[in-house]
Number of protein chains: 2
Amino acid sequence: MARNGEARAKILAAADDLFATRGYDAVSMRDVAAGAGVAKAAVFYYFDGKDALYAAVLDGYYRAHEAALADALARDGDLRARLHAVVDAYVDFAADNVRYARMVQRKIAGGGGDLSVVRQNLGLLLRGVESALGDAVPARGPLAARHFFVTLSGAVLNYFTYAPALEGAWDGDPLSPEGIAERRAHLHWLVDTLLAALP
Amino acid sequence: MARNGEARAKILAAADDLFATRGYDAVSMRDVAAGAGVAKAAVFYYFDGKDALYAAVLDGYYRAHEAALADALARDGDLRARLHAVVDAYVDFAADNVRYARMVQRKIAGGGGDLSVVRQNLGLLLRGVESALGDAVPARGPLAARHFFVTLSGAVLNYFTYAPALEGAWDGDPLSPEGIAERRAHLHWLVDTLLAALP
DNA sequence: TCAGAGTTTGACCGCTCGGTCAAACCGATC
DNA sequence: GATCGGTTTGACCGAGCGGTCAAACTCTGA
């Protein structure tokens, strides 16, 4: 299995699956090894321990998320079009990687641990929204960009994390294409409404 | 220590502290016992295991949250005033019990486990927002009450859960009285803006 | 004073955890 | 065929986990 990084990739994929569906603490290195079809010691050969493995998984998601967002931010158009693109990128990414939304929320809400990776990524997103909003918004106070960032990113992410707990209250599966399309429409309406109300 | 439920109360308080700050998996029954100043076996005497202990802690919060919200919902006034009251109750409760916001988010994002308690509570909140919005909002589609519920509750809760990860990006402590007041102002503006835009 | 129910305790059990290690394996190079 | 570095493995370690149990303590009512 020495050829290129086959073993490493299999380990990473198994860890991704497991961490996303069960959470950090509920996954053992034995689980990861079994999932990857590899001896436990091999996992430690490729990664410097459980924390490092988890960080590597998260890092992959962050990188992909970052790329998707950078793409949206670089687009031309007026403020409204740019914000729609950002929101769409966020929704698309979360829809394609529901596990990511859960992992991020869990890591943030998880109390202890190294928030540095999360902090760095969140800061990046925040600066993205700040630059998209530009001077349409005051630098300080209740209408500062950072408040819109928290509000918007909560509105996107929470939909996906709440979904399993909303079963029954929703009609139909919130995570079905139709459900997600409806949520996207809500978010677009939200962005339009907020922009129209800005001084 | 047999007098009334003193030992039980001390155990519950210690469990509350520990679960909220460290999370379920990172807390051992030994930790709880030590925190309560009690032998480990006593914890098992009063609670039927770790899961039951955690459920008891969560239940206390849910009860308190439910009461605070019912109070706000029962208030008189027009739609705007009632929604402000609901949001304020939510913010107040989250501010007084930052740990609660974290525990709920973590439980929701946590994948497996018994979501029934969360689901019940979330359903209650949803029906609250639905009844507060009444017929100001369509029953279906992107402007249905449930979308506003997800958006608003995300806007409230995420502020508190993101706070520790936003250090540095924010100036000043997001959880200071001033920070919370500013967030409250943002939420009020949000509610007003959304209401004004409804057909 | 004694019996008995309700508490509290420390010792203990089986198990799984993250992590280590020396030995074996394997494909290339000489 | 010998050598050698990168890879893979199973056996192993100490620690901590959730949970149990019988013995000891404490308070109360007869």
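**Helix packing and the chain interface**

Mentor: Please bear in mind that this is a predicted model. In helix α5(A), the residues A:Leu79, A:Arg80, A:Leu83, A:His84, A:Val87, A:Asp88, A:Val91, A:Asp92 and A:Ala95 meet A:Ile180, A:Arg184, A:Leu187, A:His188, A:Val191, A:Asp192 and A:Leu195 of α9(A). By class, this contact comprises 9 nonpolar, 2 polar and 5 charged residues.

Trainee: At what angle do α5 and α9 of chain A pack, and how far apart are their axes?

Mentor: A pair of packed helices is described by the angle and the distance between the axes. Here α5 of chain A, residues 79-96, and α9 of chain A, residues 177-197, pack at about 150°, and their axes lie 10 Å apart. An angle over 145 degrees counts as roughly antiparallel, and α5(A) and α9(A) are therefore roughly antiparallel to each other.

Trainee: Is the crossing of α5(A) past α9(A) left-handed or right-handed?

Mentor: The crossing of α5(A) past α9(A) is right-handed.

Trainee: How many residues of chain A are in contact with chain B, and what area is buried between the two chains?

Mentor: On chain A, 50 residues are in contact with 50 residues of chain B. The buried area between these chains is about 4,700 Å², with 65% of it from carbon and sulfur atoms. Within chain A, the residues that lose the most area to chain B are A:Arg146, A:Tyr162 and A:Trp189, together 14% of what that side buries.

Trainee: How many salt bridges are there between chain A and chain B?

Mentor: The count is 4 salt bridges. One of them joins A:Arg146 to B:Asp171, with the closest N and O atoms 3.0 Å apart.

Technical notes:
Residues numbered from 1 in each chain as written. Chains lettered and ligands numbered in written order. Predicted model: local features only at pLDDT ≥ 70, side-chain atom pairs only at ≥ 80, totals over all residues. Heavy atoms only, no water. Axes fitted to C-alpha atoms, helices over the stretch in contact; angles between N-to-C directions. Helix = DSSP H or I, 4+ residues; strand = E, 2+ residues; numbered from the N terminus. Parallel < 35°, antiparallel > 145°, perpendicular 65-115°, else oblique. Left-handed = near helix turned anticlockwise from the far one by under 90°. Contact = heavy atoms within 4.5 Å. Nonpolar A, V, L, I, M, F, W, Y, C, P; charged D, E, K, R; others polar. Buried area = accessible area lost by both parts, 1.4 Å probe. Salt bridge = Lys/Arg side-chain N within 4 Å of Asp/Glu carboxyl O.
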